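Look at the model below before reading on. The paragraphs that follow go from the chain as a whole to its strands, its helices and its cores.

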Amino acid sequence: MTTHPLPPLRISITCACSMHLALFPLDEQTCTLDIASYGWAKNDLIYVWKEGNPVQLAGNLSLPGGFKLGAFGSRYCDVKTTTGEYSCLRVDLLFARQLSFFLVTVYVPCSMTVSVSWMSFWLDHKAVPARVALGVTTLLAMSTTQASIQNSLPPVAYTKAIDVWSGVCVFFVFSALLEYALVNYASRSDAQRSVKQKERKKQELERQVFNGDGYEEGGFPMSMDPLMRRMEGSHMMPPSAVIHHRISVRRPNKLSLWVKNFQFQAKKIDVFSRVFFPFVFAIFNVWYWSYYLTRKQGKPVK
């Protein structure tokens with residue numbers, strides 16, 4: 001068998017790589033480039049990698065789409081079919097996405113929009129135009145950001161990491177708007193409760209004034225009950241005859257005292273939301289980054 005080496009060839013090709021975007025934009029994509037002959041079997045043609053460094057890349061290589069070349073390698077991918085065995089060479093290219101671009105354009109703006117929606121908790125609940133305008137504006141801004149993210153990506157049938165982030169941010173902004181609806185309802189309930197308390201105090205004051213007319217000057221009124229008359233005429237017990245008992249006094253909880261300092265329910269809801277919303281969003285951030293940064297890149301099920 002006589003072997004004839006092929007002359008060196010330089011070919012420029014444009015290749016397409018199928019990607020799995022479940023971890024986008026925290027993903028890494030592995031693309032393969034195969035060099036094979038489907039017309040000549042290994043009895044006629046065999047591809048062999050050059051010893052040393054067969055795959056060489058340019059030093060000033062720049063990739064579009066926010067990618068950077070993480071690693072590359074070479075191996076054999078011979079194929080056996082019913083018609084024979086064919087020689088194949090494969091190049092593996094690992095593309096890592098540059099996260100800094102998405103941090104500046106997606107994650108930081110979304111976090112700022114969610115934080116701005118929390119400013120309504122510090123406004124007075126009577127400032128209806130300010131709180132409603134702030135809530136609606138942040139919700140529209142977050143919805144526009146989510147729509148722009150979806151338009152820049154191909155439609156897929158599974159949930160991406162960026163979808164989880166944008167969806168939770170929209171949920172927090174919408175929850176802040178719903179919180180004011182609850183505060184508004186609580187403020188109206190507080191107003192009705194305060195009116196009833198004023199009426200009750202007024203009635204008690206009138207009752208005390210009416211009962212005070214029955215007292216005589218310098219003494220107490222005589223009771224109409226015979227038992228009460230006997231008690232009023234009996235001698236008083238000396239203080240030493242009374243057995244003193246210690247009454248255990250429970251120390252009030254600091255949290256309950258802090259809540260009782262606020263007279264109205266609407267104010268309590270706002271103060272609680274100032275702590276609850278940032279705390280839950282911080283827990284979500286810890287889970288999101290720890291989960292998606294440690295998860296390995298999956299492959300679509302064929």
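**A walk through the fold**

Start with Y288. Leaving aside neighbours within four places in sequence, Y288 is in contact with L26, Y107, A161, I162, V164 and W165. Keep some of these names in mind, as they return below.

The model is a predicted one. Its protein chain holds 6 helices and 5 strands. In what order do they come along the sequence? The pattern reads β-β-β-β-β-α-α-α-α-α-α. Of the 302 residues in the protein chain, 26% are buried. The chain exposes about 22900 Å², and carbon and sulfur atoms supply 61% of that area. Among contacts with a separation of 6 or more, 74% are between residues 24 or more positions apart.

Next, the strands. Which strands pair with β5? Strand β1, residues 28–36, runs antiparallel to β5 and is joined to it by 9 bridges. D34, for example, has R90 in β5 as its bridge partner. Strand β2 also pairs with β5 in the antiparallel sense, over 9 bridges. Here F72 has L93 in β5 as its bridge partner.

Is A71 buried, exposed or partly exposed? Its relative accessible area is 34%; buried means under 20% and exposed over 50%, so A71 counts as partly exposed. A71 and A96 are 25 residues apart along the chain, yet their C-alpha atoms are separated by 8.9 Å.

Now the helices. Helix α1 has 19 residues, which should span 27 Å at 1.5 Å a residue; the C-alpha atoms at its ends are 26 Å apart, so the two values agree. α1 bends by about 30° at Y107, and the proline P109 follows within four residues. The buried residues in α1 are F102, V106, Y107, C110, T113, V114 and S117. As background, an α-helix has 3.6 residues a turn, so residues three or four places apart point the same way.

Helix α6 has 30 residues and reaches 43 Å from its first C-alpha to its last, close to the 44 Å expected at 1.5 Å a residue. α6 bends by about 30° at S273, and S273 is also one of its buried residues. Others buried in α6 include D270, R274, F277, F281, N285 and Y288.

In soluble globular proteins, nonpolar side chains tend to be buried together. Which members of the largest nonpolar core touch the most other members? Out of its 30 residues, they are Y107, W165, F281 and Y288. Helices α1 (99–117), α2 (128–151), α3 (161–212) and α6 (265–294) each supply at least two residues of this core. α3 gives the most, with 10 residues. Apart from this core lies another, of 8 residues, among them C31, W49, L93 and F95.

Back to Y288, where the walk began. Its contacts include Y107 and W165, and both of these are, like Y288, among the core residues that touch the most other members.

Methods: Residues are numbered from 1 along each chain as its sequence is written. This is a predicted model: local features need pLDDT of at least 70, side-chain atom pairs count only at pLDDT 80 or more; totals for chains, interfaces and linings use all residues. Side-chain values use heavy atoms; hydrogens and water are left out. A nonpolar core is a set of buried Ala, Val, Leu, Ile, Met, Phe, Trp, Tyr and Cys residues joined through side-chain atoms within 4.5 Å. Buried means under 20% relative accessible area, exposed over 50%, partly exposed in between (1.4 Å probe, protein chains only). Contact means heavy atoms within 4.5 Å. The expected span of a helix is 1.5 Å times one less than its number of residues. The bend at a residue is the angle between axes fitted to the seven residues ending there and the seven starting there. Accessible areas come from the Shrake-Rupley method with a 1.4 Å probe; for residues, only the protein chains shown count as cover. Two strands pair if DSSP finds at least two bridges between them.
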